[in-house]
2 protein chains.
Amino acid sequence: MFMDRHLFEFTLQAKQNRARAGTFLTPHGPILTPIFAPVGTQASVKAVTSSQLIDIDTNLVLSNTYHLYLRPGDELIAQIGGLHEFMNWKRPILTDSGGYQVYSLAESRKITDDGVTFRSHIDGSMHHLTPEKSISIQENLGADIIMVFDECAPPYDQAYSENAMNRTHAWALRCQAAKKRTDQALFGIVQGGVFPDLRNRSAEFLVGLDFPGYAIGGLSVGETKDEMNTVLEAVDPLLPENKPRYLMGVGTPLDIINGVIRGIDIFDCVLPTRLARHHAAMTRYRRYNLLNASYAKDFKPIDDTCDCYTCKNYSRAYIRHLIMAKEILAATLLSIHNLFSLIHLTTEIRQSILNNQFIHFAESFLTEFEDANRNLRDLSPEKGSTQI
Amino acid sequence: MFMDRHLFEFTLQAKQNRARAGTFLTPHGPILTPIFAPVGTQASVKAVTSSQLIDIDTNLVLSNTYHLYLRPGDELIAQIGGLHEFMNWKRPILTDSGGYQVYSLAESRKITDDGVTFRSHIDGSMHHLTPEKSISIQENLGADIIMVFDECAPPYDQAYSENAMNRTHAWALRCQAAKKRTDQALFGIVQGGVFPDLRNRSAEFLVGLDFPGYAIGGLSVGETKDEMNTVLEAVDPLLPENKPRYLMGVGTPLDIINGVIRGIDIFDCVLPTRLARHHAAMTRYRRYNLLNASYAKDFKPIDDTCDCYTCKNYSRAYIRHLIMAKEILAATLLSIHNLFSLIHLTTEIRQSILNNQFIHFAESFLTEFEDANRNLRDLSPEKGSTQI
């Protein structure tokens, strides 16, 4: 165990152009970056056990404050000793603030400077979430990394984005003031839609508050890849080198490469487990829908270069059979593969940065990605800007 | 690897009253009896991976010929190298004949002396299953133990039972004649409803055909525990000591104890995984429905004497939360526990027979079972005759 005085220290181990390899120290062990975090929305990474997550070298897991607050309740989780104990995940955990889900899931929400009043999507009960309440919930959950309560704006409305950004800044101050626990790192969230000017102002304001880490929120919500890259490029030079940067809710292989190129350290996304439940296998350069009849007699693994449990032991034909037969195991095997694929992509990226090989790695990736997707009739939504 | 000349040899290692501990040698390793076999109806033990099955010391797995014939098709499975390869189960497998499912699942079935014509429950297509066809399918699947094609009768209709028994006997001869592979053990199936006289005739006839093992079919289909026990007691003395006996589709803890007491070696049942998907945990003496609100803040494991992955790592409160949140992981964790519970019951039974302690073990079990169930308001369907 590292010394307390090093808690939440971020050490930059290597840098190539803007790409970074670092180590962030948490109470549940070090986070080696770049890293991809699977999402356990309701305190469960869907369809896999903690043991299976460990087998695929998962380190950081994300869970959602909004969901856990509503069910089973953060106080119940505090009683059992926190989220690590509750969901049997003894490695680092990150919780979001509840903000994003309030905007995307809750019904009849009303936002004021004080906070957000909303109706639960589960039972219709009314709730009021404020920066102070979000911190209190996240302290009950006990994750290693917690997030400020923010307002997520539609990406293209500049006036709305500016208002939401200013509110997010005021709330960031209140979150800092409300925080009591010293064993959790509170990250600020840069907002400002697709507008580089707003993003600059947001980054500057938050850096002034000296958070132990910075998230970039409000992306991957409908904007183009170019717009996302422009925002990342605007923010990167303003964020301190010695703090981790987290790109929220982003996680296709291409997005991860593009994010690392622009200085991002931490990624999370529901995509690998959600695609798994919709019969899709992710490989580095493309996706396969295993429901497709062409896989009925395909006895190869999903990816014969992949070392995951699924690819080492099961064929495409078997997984397609499980899908056709509506067997739960299909979701489990595809989730294991998809998560492994993203986690090991970030592991390889990290190694290439440490070896001063990342530029080459990224160029090869982007070329292969283009080649793999050029001739697909059904163009993947991942296709987009591929410039370094 | 044992010598070929010992293939399908059953060695009786210990016997206490009628209870037996033995070893049955198959091409995929020895089966140590008494044993409980999880059911992988569609080539998947629902909600668990092969690796998880190995972790809970599963040895024998059952799969269903009717389901696999209809989907994905036995020829496809033969192409990939058989069921062991297809479903990634390298330990012994048993397939049933398809008979039972034709009677219980298929639509508009018509039985003649030749075989059964039926409509698929999946797509309405028409099929004709005969003893020869059943063997041909099972040879394509390639299980270690295969079953004769039989007719299952309603348990209380004596005339129907006698006809079905005679047809089962005629079909057993045809199955033996049709069988080509020498690396599969074909078991005969004793039929005859709840009528000891018919059961005696059936056992005598089949023993005359010298099968390498004998199943007792048509039980656990609505008859009482006493009736089941009476049939087992009628059949036991007629079956040869040096062949394994398999009680089809039976598998509550009480049924297993009662079966072992009456000379049974092999059990299988969908109950542990089916109950798991309906939120129920099986322990040795009773069941718990974890959806019950009383478990909301119950931070104990399902069974604090249980060594399974679920009980070692997760609380009742967490599993209830998963159920409420409709998380797939609930079914996985409960399946692991329920299967572990039955498999380790048979392991303990085996050890007690080897140690000459089984009578004591069974008496303690039955006393504790009575105690645990006496005061339950909602009487369990497991409650019944408990005499040795």
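Q: How do H6(B) and H7(B) lie relative to each other?
A: In this predicted model, helix H6 (residues 131-141) and helix H7 (residues 158-178) of chain B pack with their axes 8 Å apart, at an angle of about 45°. Axes are lines fitted to C-alpha atoms, for helices over the stretch in contact, and angles run from 0 to 180 degrees between N-to-C directions. Angles under 35 degrees count as roughly parallel, over 145 as roughly antiparallel, 65 to 115 as roughly perpendicular and the rest as oblique. H6(B) and H7(B) are therefore oblique.

Q: What kind of model is this?
A: Residues are numbered from 1 along each chain as its sequence is written, chains are lettered from A and ligands numbered from 1 in the order in which they are written, and side-chain values use heavy atoms, without hydrogens and water. Local features need pLDDT of at least 70, side-chain atom pairs count only at pLDDT 80 or more, and totals for chains, interfaces and linings use all residues, as this is a predicted model.

Q: How many residues in the contact of H6(B) with H7(B) are charged?
A: Pro131(B), Glu132(B) and Ile135(B) of H6(B) meet Trp171(B), Arg174(B), Cys175(B) and Ala178(B) of H7(B), where contact means heavy atoms within 4.5 Å. Ala, Val, Leu, Ile, Met, Phe, Trp, Tyr, Cys and Pro count as nonpolar, Asp, Glu, Lys and Arg as charged, and the others, Gly among them, as polar. By these classes the contact of H6(B) with H7(B) has 5 nonpolar residues, no polar ones, and a charged count of 2.

Q: How many charged residues are in the contact of H13(A) with H14(A)?
A: Helix H13 (residues 316-324) and helix H14 (residues 329-354) of chain A have axes that come within 8 Å and cross at roughly 135°. That makes H13(A) oblique to H14(A). Tyr318(A), Ile319(A), Leu322(A) and Ile323(A) in H13(A) meet Leu329(A), Ala330(A), Leu333(A) and Leu334(A) in H14(A). The contact of H13(A) with H14(A) has 8 nonpolar residues and no polar ones, and its number of charged residues is none.

Q: What relation do chain A and chain B have?
A: Chain A is superposed on chain B by a rotation of 180° with 0.0 Å of shift along its axis, at RMSD 0.0 Å. That is the relation of a two-fold axis.

Q: Which residue of chain A comes closest to the rotation axis?
A: The copies meet through the same surface, because 100% of the interface residues of chain A are also interface residues in chain B. At 3.8 Å (C-alpha), the residue of chain A closest to the rotation axis is Ile328(A).

Q: Where is Pro72(A)?
A: The peptide bond from Arg71(A) to Pro72(A) is cis, with omega near 10°. Most peptide bonds are trans. Pro72(A) lies in the loop between helix H2 (65-70) and helix H3 (74-79) of chain A.

Q: Does Asp210(A) count as buried or exposed?
A: Asp210(A), in the loop between H8 and S12 of chain A, has a positive phi of about 55° although it is not a glycine. Buried means under 20% relative accessible area, exposed over 50%, partly exposed in between (1.4 Å probe, protein chains only). At 54% relative accessibility, Asp210(A) counts as exposed.

Q: Does Asn17(B) count as buried or exposed?
A: Asn17(B) is in the loop between strand S1 (10-16) and strand S2 (19-26) of chain B. Its phi is positive, about 50°, although Asn17(B) is not a glycine. At 60% relative accessibility, Asn17(B) counts as exposed.

Methods:
Helix = DSSP H or I, 4+ residues; strand = E, 2+ residues; numbered from the N terminus. Least-squares fit on C-alpha atoms with pLDDT ≥ 70 in both.
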